[in-house]
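Q: Hi, could you walk me through this one before I set anything up?
A: Happy to, here it is.

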Amino acid sequence: MSAPDQSPPPDFDEEFLEAVKQWRERNKVSSDDVVLLLLDLFRIHQNHWDALRRRQMPSLDMFRTDIGLIGAAVKTFKEQTTALIEALKQTPAVTQARTISLDTAIIAVIAAMLAGFLIAKAL
């Protein structure tokens, strides 16, 4: 899988400053007005929470890596399950035992792997 281009987030400062300029002109707000100090305080607050949100969001690259590892593990288990079933079919004592289909065995292995992965992630 190729990694997507990491483009920087858009910078809305130009648009914001233009909107503030128009608002100040429309409402005749002077440059030493207390409202502008409150606006600066709001910008500090917003930047702080934006930074926190960016830190706490899990990376999609980690998710892609996990999915790739699960896919590789599923392929390996499918191959090993097929080989085991073939080996069991050749053993005379086992042919008398109850058999299950290959699809059922693969689904059981995938379900067990997924459950193990989710339990490991939860711990």
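**Chat about the model**

A: Let me start with L38, which is exposed, with a relative accessible area of 53%; exposed means over 50%, buried under 20% and partly exposed in between, with a 1.4 Å probe and protein chains only.

Q: Where does L38 sit in the secondary structure?
A: L38 belongs to helix α2, residues 34–56. Helices are DSSP runs of H or I with at least four residues, strands are runs of E with at least two, and the numbering goes from the N terminus.

Q: Which residues make a nonpolar surface patch with it?
A: V34, L37, L38, L41 and I44 make a nonpolar patch of about 540 Å². Patch residues have over 30% relative accessible area and no salt bridge; like charges are joined within 9 Å and nonpolar side chains (Val, Leu, Ile, Met, Phe, Trp, Tyr) within 5 Å.

Q: Before I go on, what should I know about the source?
A: It is a predicted model, in which local features need pLDDT of at least 70 and side-chain atom pairs count only at pLDDT 80 or more, while totals for chains, interfaces and linings use all residues. Residues are numbered from 1 along each chain as its sequence is written, and side-chain values use heavy atoms, leaving out hydrogens and water.

Q: Which residues of α5 are buried?
A: A105, I106 and M113 are the buried ones. They cover an arc of only 100° around the axis, so they lie on the same side of α5; the arc is that of the directions from the helix axis to the C-beta atoms.

Q: What covers them, and what's on the face turned away?
A: The cover includes α3 (60–90). The face turned away from the buried side carries the exposed residues D103, I107, L118, I119 and A122.

Q: How far is M113 from A73?
A: Their C-alpha atoms are separated by 8.3 Å, though A73 and M113 are 40 residues apart along the chain. A73 is in helix α3 and counts as partly exposed at 25% relative accessibility.

Q: Last topic: how many salt bridges?
A: Three, where a salt bridge is a side-chain nitrogen of Lys or Arg within 4 Å of a carboxyl oxygen of Asp or Glu. One of them joins D66 and K121 at 3.1 Å, N to O. D66 lies in α3 and K121 in α5, so this pair ties together parts 55 residues apart in sequence.

Q: And inside α2?
A: There R53 and D50 meet at 2.4 Å, N to O, and being three residues apart they are separated by about one helical turn.

Key:
Contact = heavy atoms within 4.5 Å. Areas by Shrake-Rupley, 256 points an atom, 1.4 Å probe, with all protein chains shown as cover.
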